[in-house]
Each structure stands twice: as C-alpha cells, then as structure tokens.
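User: I have a structure here that is new to me. Can you walk me through it?
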Amino acid sequence: MPASPSPKPDSSASSLSFRLKGGLFPLTLLELIDTDPLKLRKDLAQKMAEAPAFFQQAPIVLSLEQIQPPLQAAELSFIRDLCREFGLIVIALRGSNDHLQDAASAMNLALLPASKVKKSESQSEGEPDIEGLLSPQTNQSEQPCPEDVQAQKDEETVVRMPAAPETKIVTTPVRSGQQIYAAGGDLVVLAPVSAGAEILADGNIHVYGPARGRILAGVRGNRSSRIFCQALEAELVSIAGYFKVNEDLRQHHWKQSVQVSLTDETLNIDCLG
C-alpha cells in the first residue's frame with residue numbers, strides 16, 4: 001500500500017500578514033480657545049480659504065486644554081462634524097476630561113496625554129518649597145559634619161556632558177513622496193527637494209538647492225530652530241508647529257535665498273545676503 005503524502009506545512013502560520021513599524025507623520029494641532037458655534041464656523045471658513053488644497057483630508061489632533069468649563073459630549077460631536085465639513089479629519093483628542101472618554105471611544109478618536117505643564121505659576125519666586133522644608137536634611141539637629149559635606153561635594157564634581165546633536169547630511173535629490181527626518185539634530189540637504197517630498201528635523205534645516213515640498217524644522221518643539229534654503233519654492237515651511245503655506249510664501253522672497261525663523265508665534269522670512 002503506497003504511503004499517503006505528508007501534508008504540506010501551512011506557510012501562513014510562519015509569517016504574519018502585516019508588519020508593525022514606527023513612523024513619523026506631522027499632524028496639525030487644532031487648539032480650541034472658544035467653542036461658540038458661529039464664531040468657530042466663521043474662523044474655520046476664513047482659515048481654510050487661505051489654503052484649501054492643503055487642508056483637505058488633513059488629519060488633526062483636537063486640543064481641549066484651553067477650554068473652560070470642560071467640553072461636553074454633544075459639543076465634541078458638533079466640533080468633530082464641523083471640522084469634517086471643512087475637510088479636516090479629527091483623529092485624536094489631547095487634554096480631554098474623564099467624562100469624554102466614552103464619547104471619544106464612540107467616535108473612534110484616540111486619546112493623547114495633556115502637554116507637560118511646568119511648576120505651578122501660582123507659586124511665587126520667593127515662595128519656599130514645601131517638600132524641601134519637610135526634608136530630613138533640613139532638620140538642624142541632624143546636620144552632617146563638614147567632612148561628610150566635603151565628600152559629597154567631591155562626588156558631585158563629575159560633570160556629565162550631553163551628547164552632541166548629530167547632523168544628517170543628504171547628498172542626493174529628495175524625490176516626490178520621500179520623507180527624510182533628522183532626529184535630535186540638524187538636516188543638511190546638498191541637492192534639490194522636489195514637490196511632494198517632506199524633510200523634517202528636530203533642529204535646523206539647510207537646503208542648498210531649490211526647496212520645494214514640505215520643510216519642517218524643530219518638529220519636537222524647538223522654537224529656536226531655523227530653515228535656510230537657497231531657493232524658496234516650498235509647499236509649506238514650519239518651525240515648532242507654526243507654519244506658512246504656499247500661498248503665503250509666494251509673497252515673501254519667492255525663489256530667493258532665505259532664512260525662516262520664529263519670533264513669539266510669528267514666522268519671519270528674511271532674505272539672505
């Protein structure tokens with residue numbers, strides 16, 4: 001009796017049908033300050049009219065941190081629908097309160113943590129730190145002897161210097177659809193950047209050639225970052241989240257050598273040379 005053929009191994013069991021990878025995708029943060037429906041609709045219409053093509057199907061994060069009193073579920077639904085009416089797709093909330101979690105889940109919105117807040121501004125500069133006052137080291141009856149203090153100081157003389165930020169250098173043209181990111185430092189491009197490309201850096205960006213596409217410096221919030229380009233022809237330039245689009249850029253040294261900087265909340269575009 002001939003032997004029955006052995007079953008073939010299931011190749012699908014040894015490999016997944018997908019792959020999880022990290023990616024960097026700049027998102028627009030829409031920080032709500034006023035939730036009056038008429039004013040919000042008017043302001044959105046005005047802003048979208050400045051660059052209608054850029055905002056179409058743009059994913060945004062809705063920040064609720066400036067809203068007092070807290071937003072209600074019905075208001076959130078209205079704002080989400082209003083954004084969609086203007087082509088903006090709300091994908092996440094930042095700084096939402098607890099009672100909005102169920103509403104956000106029903107709308108398939110992700111929840112992002114609130115931005116980090118510095119030490120309470122209500123504490124004046126001369127006000128003592130309560131934790132410091134209650135620390136055992138402040139009890140005069142338990143003060144260490146001078147020798148121990150000197151030994152501790154000697155141990156603290158070791159200085160740990162932070163690692164120098166790396167500069168990423170690109171020598172070939174950046175094609176349409178490409179995205180190049182310089183993490184933790186500057187980006188230098190010694191070639192043209194094509195329309196539809198995207199270059200990003202935590203620090204400064206230098207482009208020694210026509211700078212088209214989207215150029216985003218200080219993507220992690222470094223407001224002192226700058227953009228330098230030999231010929232400004234970009235679809236968008238941004239520093240620390242503050243941006244100008246093509247329609248605005250054409251009014252400021254278009255196709256000239258420029259530097260872009262941020263002062264307060266205003267992007268400055270100045271001619272080089």
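Predicted model: local features only at pLDDT ≥ 70, side-chain atom pairs only at ≥ 80, totals over all residues.

User: How many salt bridges does the structure hold?
Analyst: There are seven salt bridges. One of them joins the side chains of R80 and D81, with 2.8 Å from N to O.

User: Is R80 buried or exposed?
Analyst: R80 is buried, at a relative accessible area of 16%. D81 has a relative accessible area of 36%, so D81 counts as partly exposed.

User: Why would such side chains pair up?
Analyst: Side chains of opposite charge can pair when their charged atoms come close.

User: Which residue does R41 meet in a salt bridge?
Analyst: R41 meets E85, side chain to side chain, at 2.7 Å from N to O. This pair links distant parts of the chain: R41 belongs to helix α1 (residues 37-50) and E85 to helix α3 (residues 73-85), 44 residues apart. R41 has 34% relative accessibility, so R41 counts as partly exposed.

User: And what about E65, which residue is on the other end of that salt bridge?
Analyst: That is R94; the side chains of E65 and R94 meet at 2.9 Å, N to O. E65 is partly exposed, with 23% relative accessibility.

User: Switching to strands. What is the order in the open sheet of four strands?
Analyst: The order is β1-β2-β3-β4, and the pairing is parallel. β1 (28-31) and β4 (110-112) are at the edges; each has a single partner strand, so one side of each has no neighbour in the sheet. On average, neighbouring strands of this sheet are turned by 40° against each other, direction ignored.

User: How many bridges pair β3 and β4?
Analyst: Three bridges, in the parallel sense. For A92, the bridge partner in β4 is A110.

User: Which helix packs on the sheet?
Analyst: α3 does, and it touches β1, β2 and β3. The direction of α3 makes about 145° with that of β3. E85, from the salt bridge with R41, is in that helix.

User: New topic: S225. Where does S225 lie?
Analyst: S225 lies in the loop between β10 (214-217) and β11 (227-232). S225 counts as buried because its relative accessibility is 2%, and the cut-off for buried is under 20%.

User: What does the side chain of S225 reach?
Analyst: It reaches two backbone oxygens: that of D202 at 3.5 Å and that of G203 at 3.3 Å. Leaving aside neighbours within four places in sequence, S225 is in contact with residues including N204, A217, I239 and V260.

User: Last one, Q259. Where is Q259 found, and is Q259 buried or exposed?
Analyst: Q259 is in strand β14 (residues 258-263). Q259 is buried, with a relative accessible area of 18%.

User: Which side chain makes a polar contact with that of Q259?
Analyst: The side chain of R226 does, at 2.7 Å. Setting aside neighbours within four places in sequence, Q259 is in contact with R226, I227, F228, N268, I269, D270 and L272.

Definitions and conventions:
Residues numbered from 1 in each chain as written. Heavy atoms only, no water. Salt bridge = Lys/Arg side-chain N within 4 Å of Asp/Glu carboxyl O. Helix = DSSP H or I, 4+ residues; strand = E, 2+ residues; numbered from the N terminus. Buried < 20%, exposed > 50% of the residue type's maximum accessible area, 1.4 Å probe, protein only. Polar contact = N/O pair within 3.5 Å; in protein donor to acceptor, adjacent residues only side chain to side chain. Contact = heavy atoms within 4.5 Å. Pairing = 2+ DSSP bridges. Axes fitted to C-alpha atoms, helices over the stretch in contact; angles between N-to-C directions.
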